[in-house]
Amino acid sequence: MLTKGNIDKAAIFNTEGTSVWASSSGFAVAPAEIKAVVASFADTSDVKKVQSEGFHIAGEKFVTLKSDDRSLYGKKGKEGVAIVKTQQAILVAHYPESVQPGVAANTVEQLADYLIGVGY
């Protein structure tokens with residue numbers, strides 16, 4: 001995810017959020033934070049809790065831009081996060097102020113599509 005330069009920090013978890021498979025140095029997503037992400041994917045309310053309250057990643061609060069059963073996007077100022085769930089993994093990616101949100105989201109969504117295509 002980091003090689004294209006659109007993402008500056010990232011982590012990969014299992015879909016339950018109980019195991020970190022990989023993480024950028026210094027990018028620590030707390031267990032409670034990933035638990036809230038997992039809950040957002042399962043939430044089928046008309047207005048999800050994450051939509052009205054936002055969410056935290058690596059100690060920073062983000063305003064929710066998009067939330068469905070596959071993707072969760074958030075923004076804090078000009079930086080943001082794109083989180084995408086595959087069959088076996090949750091990709092958590094942070095992008096800096098210099099990257100457009102759509103470009104960052106596209107990078108993460110493309111990786112998720114590839115992982116889904118190979119069974120992950």
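I began at a hairpin, where three residues link strand S4 to strand S5. Helices (DSSP H or I, at least four residues) and strands (E, at least two) are numbered from the N terminus.

A note on what I am reading: this is a predicted model, where local features need pLDDT of at least 70, side-chain atom pairs count only at pLDDT 80 or more, and totals for chains, interfaces and linings use all residues. Residues are numbered from 1 along each chain as its sequence is written, and side-chain values use heavy atoms, with hydrogens and water left out.

Next I looked up the pairing, which takes at least two DSSP bridges between two strands. S4 (residues 60-67) and S5 (residues 71-76) run antiparallel, joined by four bridges. S5 also runs antiparallel to S6 (residues 79-85), with six bridges. I followed Tyr73 of S5: its bridge partners are Lys66 and, in S6, Ala82. Two residues lie between S5 and S6 in their hairpin, and there Gly77 has a positive phi near 65°.

Then I turned to the nonpolar cores, sets of buried Ala, Val, Leu, Ile, Met, Phe, Trp, Tyr and Cys residues joined through side-chain atoms within 4.5 Å; buried means under 20% relative accessible area with a 1.4 Å probe, protein chains only. The largest has 16 residues, and Val37, Phe55, Ile57, Ile83, Ile90 and Val92 touch the most other members. Helix H1 (31-42) is among the elements supplying at least two residues, and its three are the largest share.

I checked Val37 too: beyond four places in sequence, it contacts (heavy atoms within 4.5 Å) Ile57, Leu72, Ile83 and Ile90. A separate core of 14 residues includes Tyr73 again, along with Ile7, Leu91 and Ala104.

How values were computed:
Buried means under 20% relative accessible area, exposed over 50%, partly exposed in between (1.4 Å probe, protein chains only).
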